[in-house]
Amino acid sequence: MSNARPHVLLLGMQFPPARGSGVYRIRSWANHFARRGFDVTVLAADRDYWVERAGVVDAGLEQTVDEWVRVIHIEVPREHLRQNVRTMSWSHANFPRAWIRSHDVARRRIFPEIYASIIPPFVARGLAVHARQRVDVVFATGNPYAQYGAAYHLGRLLRRPYVVDYHDPWTLNPLTEDDAFPPDHPAFRWERRIVEQAALTVTVNEPLGEWYRKRYPVAAERVRVVENGLAEEVVADVAFAPPALDVPIRVGFVGTVRGDLPIEEFLDGWALARKEPELHQATMDFYGYLGFFTHTEAPIRARVSSGVEGVQYRGPFPQTQLGQVYSQLDVLAMLLPSSRYMTAGKAYDYMAAGRPVVGVHEPRNHTTEVFAGYPLFFGVPQVDAGAVRDALVAAARAARVETREQFEACRAKAMQHTWDLAMGPVGAEVEAMIRG
Amino acid sequence: MPLGTGGGGSAAGPRRPRVLGVCIGPARRAAVVRMLGEVVAAGGSALLVTADGAVAPDLPDGVEALDLVAEERQVGGHRVISRSPVRLARRLAGRPAVPGPSLAWRAWSRSRPYRAIRPWVLWRALRRRLDVVDLDSLDHLVIVSVDSWPITWQLCRLRAELSYGWDVPDELYQRVGLTPPARD
């Protein structure tokens, strides 16, 4: 066994200071490998890219990256993503059809995804990193899927194993639970190529793991599940403060308010619940970003701020204040799409808050399994106004009589799901792969 | 004229807001015409730019129209290919003129390469008519498709304060002290 520090090249375009739900998993992989004694080099998108696309970066999150992680920011080609005519290049704006057509042709030749143009710079920089310090393993984590294409190319060029970590499936639509593309789409060919030649294919829950094993039997033995986890330091300071009987209940959603959440169904249920004595004068606060991109903000904001009584959108907040935000809430509402292939990343943070959690998703969502054994989980049999009302009322009752024992039990359940615990087995496997 | 200083309109100055609908092609024509009609009804001014020789017959009163088909045939080499030598000879011979463009122009204007560059050519055609556009008074562009991009990009370069979008935002009316039209 070699004593040299293994060197992992992490392809993580969404690495901090990007903001968004996938960023925590990518950061956690980097930190996990660093804690295992790896040299970690991350290839990430340049900061300006996120400012342009998302309107903001999360500098606080950047501070939570292990000091031994080296981040290389790569300028992401983004002309094709520009939607503001004013900021387009001369050729793009003046010859739009020809420009889009030529870009599509080039993209089809490189990789069948809109982010295909990141592959050349990522591969080139990966080779440069290897020239300076030998890379032992290439580890691609999170969207865009073109990163997996880059990992495939780097694996071949460097003759090193590569690992692909799917946060979301590519060729499977998790919402419809069907293929995401028509049968002859090149994405199927590419995914097969990538998965079958990967040293490991990692995904976020067992239903997805099973899907990959069935779809790619050649690689079935190399499919692993690493569930999302809890960054214990971030929600360490949540206070135990059950609401008094005469104080209105404070309900909250904490996380990215995505467009595919059942917002209307929840608000209908909320309006009904607020008529019940348990939620008299109750408040519902949404905390977090509105979608992932600036152009999706307005429609989501309109849906959240639709004038339902007691509901307010409070906006995003730094990660360092997460514990403080949870401390101000009595009940947490976890809105999710109802798919068995989806697991909420925020589920573990919600657990660590030690509050009653209302699961606004059908039981088939994999998050229901994650909450098995959580003492204060209030799910709904189906996502409609009546069921949401009943769950909210039950959660409000539970919040008022919550005991410290229950609070501690909730937090203990969360502590079974830290990132390091979740990533440990695959981390060890990658280490064994390198050290032989 | 800076925004926010003018009223809905006066005999002395241009009526604000001034909105231009970049209707290259038939897409969303009816919707844009309706929006421009609302602008004029509210006290602003509006110009509909088209490029198919078919200005909406039901254009609301007060909405100006500018069709670029004739100007398009004057841009660069189009001046030459849009004139049929046969027709020229007929005219010189004193024989009755035949209406319509030349065969060469018909072939070129329907070709794939030309369709790819036509929106930019239309900008060059519009550039000759900036007097009609009244750029100094222009506040907002309504776009209909990617074909609107060249004109939008170029006009935004010429006038940095210009906004654009798929519709006319209420805020545009409010900035000049007008009441936005009521919508369903």
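Reader: Which residues of α6(B) meet which residues of α8(B)?

Author: Happy to start there, bearing in mind that this is a predicted model. On the α8(B) side are B:W149, B:P150, B:I151 and B:Q154. The residues they meet in α6(B) are B:P119, B:W120, B:L122, B:W123 and B:L126.

Reader: Are α6(B) and α8(B) parallel, antiparallel, perpendicular or oblique to each other?

Author: Two packed helices are described by the angle between their axes and the distance between the axes. Here the axes are 7 Å apart and the packing angle is about 45°. Angles under 35 degrees count as roughly parallel and 65 to 115 as roughly perpendicular. The pair α6(B) and α8(B) is therefore oblique.

Reader: Which element gives the most to the side of chain B that touches chain A?

Author: The contact takes nine residues from chain A and 11 residues from chain B. On the chain B side, α6 (112–127) and α8 (149–158) each supply at least two residues. With five residues, the element that gives the most is α8(B).

Reader: How many charged residues does that side of chain B have?

Author: Let's go by class. The side of chain B that touches chain A has 10 nonpolar residues and one polar residue. The number of charged residues there is none.

Reader: What share of the residues in chain B is buried?

Author: First, a quick look at the fold: chain B comes to nine helices and five strands. Its elements run β-α-β-β-α-α-α-α-α-α-β-α-β-α from the N terminus on. Of the 184 residues in chain B, the buried share is 32%.

Reader: Over to chain A: how far apart do the C-alpha centres of domain 1 and domain 2 lie?

Author: The domain assignment gives domain 1 as 7–229 + 418–435 and domain 2 as 250–415 in chain A. Between the C-alpha centres of these two domains of chain A, the distance is 29 Å.

Reader: And which helix gives the most to the side of domain 1 of chain A that touches domain 2 of chain A?

Author: The contact takes 26 residues from domain 1 and 20 residues from domain 2 of chain A. On the domain 1 side, α2 (47–54), α3 (59–62) and α9 (206–215) of chain A each supply at least two residues. By class, that side has 11 nonpolar, 10 polar and five charged residues. Giving the most, with three residues, is α9(A).

Technical notes. Residues are numbered from 1 along each chain as its sequence is written. Chains are lettered from A and ligands numbered from 1 in the order in which they are written. This is a predicted model: local features need pLDDT of at least 70, side-chain atom pairs count only at pLDDT 80 or more; totals for chains, interfaces and linings use all residues. Two residues are in contact if their C-beta atoms, placed from the backbone, lie within 7 Å. Helices (H or I, at least four residues) and strands (E, at least two) are DSSP runs, numbered from the N terminus. Ala, Val, Leu, Ile, Met, Phe, Trp, Tyr, Cys and Pro count as nonpolar, Asp, Glu, Lys and Arg as charged, and the others, Gly among them, as polar. A residue is buried if 20 or more other C-beta atoms lie within 10 Å of its own, exposed if 12 or fewer, and partly exposed in between; C-beta atoms are placed from the backbone. Domain bounds come from an automatic or database domain assignment. Axes are lines fitted to C-alpha atoms, for helices over the stretch in contact, and angles run from 0 to 180 degrees between N-to-C directions. Angles under 35 degrees count as roughly parallel, over 145 as roughly antiparallel, 65 to 115 as roughly perpendicular and the rest as oblique.
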